[in-house]
Amino acid sequence: MFIVLEGIDGAGKTTQLALLTERLRQRSPEVVATQEPGGTPLGDRLREVVKHGADLDIVPRAELLLFAASRAQLVERVLRPALARGVSVVCDRYVFSTVAYQGYGRGVDRGLIAAAVDLATGGLLPDLVVLLDLEVRLALQRIASPGRREPTTFAPARGRDRFEGEALAFYERVRQGYRDQAAVDPDRWLVLDATRPPDHLARIIWEKVEKFGLQG
Ligand code: TYD
């Protein structure tokens, strides 16, 4: 099974990713947990650029292609090989982030977004997308809270990244971008209220995953 977690920064994806991965591993030890941008040595370098290259004056189309390059590498080197071996994959963000951030957020043309997504993935889509939906105001409060760390690399917090410095209006568009995507593909998406307690969210996600397991 291929599962993706999505949501605006601060929605709690990292926590749910960890809980879900742990439960999947109890069922079958070999699970790939990865993230975008990143997940490969090339992707990790590109991640550094898109997140912390505030001095690089990255234009929206270049940003789109940087995410696409990271994704192409991840799809070919990690996701497809794992899925081909029958190993479940959990990914922190995927193409839906590109539609939401570069499309709705930055205003890059939809056709270009679709082309970049297709180029990077060759049409590989997850079985399930979990959207942790949260009011932007609350998300920004969570981002601003002291002691928030770069979750997956365990590096000390480096202050706000290029996205976390964006204005409220940017995040409102991104959130709408997610909700629109979920609305047109309800079978694939599970939309959850991210203000609910983490263990409650984890339980609902797991119920959904188990349903898929029964179907598959
Ligand atoms: P990250 O630290 O992974 O954010 P989070 O911990 O909130 O998941 O940083 C990735 C940032 O890149 C995040 O702000 C969302 C953004 N992003 C895009 O703009 N487009 C994309 O295609 C992807 C995958 C991420």
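Predicted model: local features only at pLDDT ≥ 70, side-chain atom pairs only at ≥ 80, totals over all residues.
Select helix α4 (residues 95–105) together with helix α7 (residues 168–184). Their axes come within 8 Å and cross at roughly 135 degrees. The two helices, α4 and α7, are therefore oblique to each other, an angle over 145 degrees being needed to count as roughly antiparallel. The crossing of α4 and α7 is right-handed.

Next, display the side of α4 that takes part in the contact: Phe 96, Ser 97, Val 99, Ala 100, Tyr 101, Tyr 104 and Gly 105. Their partners in α7 are Phe 170, Tyr 171, Arg 173, Val 174, Gln 176, Gly 177, Tyr 178, Asp 180 and Gln 181. Coloured by class, the residues of this α4–α7 contact comprise nine nonpolar, five polar and two charged.

**Backbone geometry in the loops**

Most residues other than glycine have a negative phi, and most peptide bonds are trans. The following selections depart from that pattern.

Select Glu 36 and Pro 37, whose connecting peptide bond is cis, with omega near -15 degrees. Pro 37 lies in the loop between β2 (31–35) and α2 (41–52).

Move to Asp 57, in the loop between α2 and α3 (60–84). Its phi is positive, near 50 degrees, and Asp 57 is not a glycine. Asp 57 is exposed, with a relative accessible area of 65%.

Finally, select Arg 93, in the loop between β3 (88–92) and α4. Arg 93 also is not a glycine, and its phi is positive at about 75 degrees. With a relative accessible area of 12%, Arg 93 is buried.

How values were computed: Residues numbered from 1 in each chain as written. Heavy atoms only, no water. Axes fitted to C-alpha atoms, helices over the stretch in contact; angles between N-to-C directions. Helix = DSSP H or I, 4+ residues; strand = E, 2+ residues; numbered from the N terminus. Parallel < 35°, antiparallel > 145°, perpendicular 65-115°, else oblique. Left-handed = near helix turned anticlockwise from the far one by under 90°. Contact = heavy atoms within 4.5 Å. Nonpolar A, V, L, I, M, F, W, Y, C, P; charged D, E, K, R; others polar. Buried < 20%, exposed > 50% of the residue type's maximum accessible area, 1.4 Å probe, protein only.
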